[in-house]
Amino acid sequence: MIYDEYDFIKFSQLDEVMKILSYSLGDRTGLAVHTDSRWLDLAPQFATIPDDVAALLALPDWRTRLADALRGAPMLDLGSVQLLPPGG
């Protein structure tokens, strides 16, 4: 895994690199994934996704949960959220 300003996760079975970040918006926190030149918000309707990158990656089925959550996830405006550091 590579850590930079955001958390980068290599999906070797999908052969692509995805950016995952943690954010806060008001009183809630969540994860967002960068795909197809946009950020998708995993928080609103996907309670099975933790709101922390480290917690997500600790799950044995994190790839499946993430893939399921991406289907139908709404776009996220990064200008409206506060970015959180990895693991924080």
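A residue counts as buried under 20% relative accessible area, as exposed over 50%, and as partly exposed in between, with a 1.4 Å probe and protein chains only. The structure is a predicted model, in which local features need pLDDT of at least 70, side-chain atom pairs count only at pLDDT 80 or more, and totals for chains, interfaces and linings use all residues. Residues are numbered from 1 along each chain as its sequence is written, and side-chain values use heavy atoms, with hydrogens and water left out.

The protein chain holds two helices and six strands. These are DSSP runs numbered from the N terminus (helices: H or I, at least four residues; strands: E, at least two). Their order along the sequence is β-β-β-β-β-α-α-β.

Of the 88 residues, 39% are buried. The chain exposes about 5,200 Å², and carbon and sulfur atoms supply 51% of that area (Shrake-Rupley method, 1.4 Å probe).

The largest nonpolar core has 15 residues. Such a core is a set of buried Ala, Val, Leu, Ile, Met, Phe, Trp, Tyr and Cys residues joined through side-chain atoms within 4.5 Å. Ile20, Leu31, Val33, Leu42, Leu56, Leu66 and Leu70 touch the most other members. Two or more residues each come from β3, β4 (28–35), α1 (53–58) and α2 (62–70). Helix α2 gives the largest share, four residues. Another core, of six residues, lies apart and includes Tyr23, Ala32, Trp39 and Val81.

Ser24 lies in strand β3 (residues 16–25). Ser24 is buried, at a relative accessible area of 14%. Leaving aside residues up to four places away in sequence, Ser24 touches Thr29, Val81, Gln82 and Leu84 (contact: heavy atoms within 4.5 Å).
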